[in-house]
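Visitor: Hello! Could you walk me through this structure, one question at a time?

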Amino acid sequence: MIVELRTYICTPGCLPAVHDRFVNDVLPIWQELGIESIGFFTPTDEASESLTYLLRWHSKAEQEEKW
């Protein structure tokens, strides 16, 4: 199993829009493709605007095929 960590650093003030994009657009596409997300995280420090998430892959080949 491979766990992939990705972080988006948002333009100040854009974190809510990035969050909405993932909920409304990205996650449905990932579900169709069989891409499994483990979790999403945002910092508790309001001055930091980023979205970090984890993806689970069964193999490097699966990651390359689906991503």
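Visitor: Which residues form one aromatic cluster?

Guide: Some ground rules come first: this is a predicted model, where local features need pLDDT of at least 70 and side-chain atom pairs count only at pLDDT 80 or more, while totals for chains, interfaces and linings use all residues. Residues are numbered from 1 along each chain as its sequence is written, and side-chain values use heavy atoms, with hydrogens and water left out. Rings of Phe, Tyr and Trp (its six-membered ring) pair if their centres lie within 6.5 Å; planes under 30 degrees apart count as stacked, over 60 as edge-to-face and the rest as tilted. One cluster is formed by Tyr8, Phe22, Trp30, Phe40, Tyr53, Trp57 and Trp67.

Visitor: How many aromatic pairs are there by this rule, and what kind of pair do Phe22 and Phe40 form?

Guide: The count is ten aromatic pairs. In one of them, Phe22 and Phe40 are 5.7 Å apart centre to centre, with 70° between the planes, which makes the pair edge-to-face.

Visitor: Where in the chain do these two partners, Phe22 and Phe40, lie?

Guide: Helices (H or I, at least four residues) and strands (E, at least two) are DSSP runs, numbered from the N terminus. The pair links distant parts of the chain, 18 residues apart. Phe22 is in helix H1 (residues 15-33), and Phe40 is in strand E2 (residues 36-41).

Visitor: Is Phe22 buried or exposed?

Guide: Here buried means under 20% relative accessible area, exposed means over 50%, and partly exposed is in between (1.4 Å probe, protein chains only). Phe40 has 31% relative accessibility, so Phe40 counts as partly exposed. Phe22 has a relative accessible area of 4%, so Phe22 is buried.

Visitor: Why is the pair of Trp57 and Trp67 edge-to-face?

Guide: Trp57 is buried at 0% relative accessible area, whereas Trp67 is partly exposed at 42%. Their ring centres are 6.3 Å apart and their planes stand at 75°, so the pair is edge-to-face.

Visitor: How many disulfides does the structure hold?

Guide: A disulfide is a covalent bond between the sulfur atoms of two cysteines. The rule used here asks for a pair of cysteine sulfur atoms within 2.5 Å. The sulfur of Cys10 is 7.1 Å from the closest cysteine sulfur, in Cys14, and that is too far for a bond. The number of disulfides is zero.

Visitor: Which residues meet in a salt bridge with a distance of 2.5 Å, N to O?

Guide: A salt bridge is a side-chain nitrogen of Lys or Arg within 4 Å of a carboxyl oxygen of Asp or Glu. A search of the whole structure finds three of them. The bridge at 2.5 Å, N to O, joins the side chains of Glu4 and Arg6.

Visitor: Where do Lys66 and Glu62 lie?

Guide: Lys66 forms a salt bridge with Glu62, with the closest N and O atoms 2.9 Å apart. The two residues are four apart, about one turn of the helix, and both lie in helix H2.

Visitor: Which side chain makes a polar contact of 2.8 Å with the side chain of Gln63?

Guide: A polar contact is a pair of N or O atoms within 3.5 Å; within protein, one must be able to donate a hydrogen and the other to accept it, and residues adjacent in sequence count only if both atoms are side-chain atoms. Gln63 lies in helix H2, and its side chain contacts that of Lys60 at 2.9 Å. The partner at 2.8 Å is Glu4.
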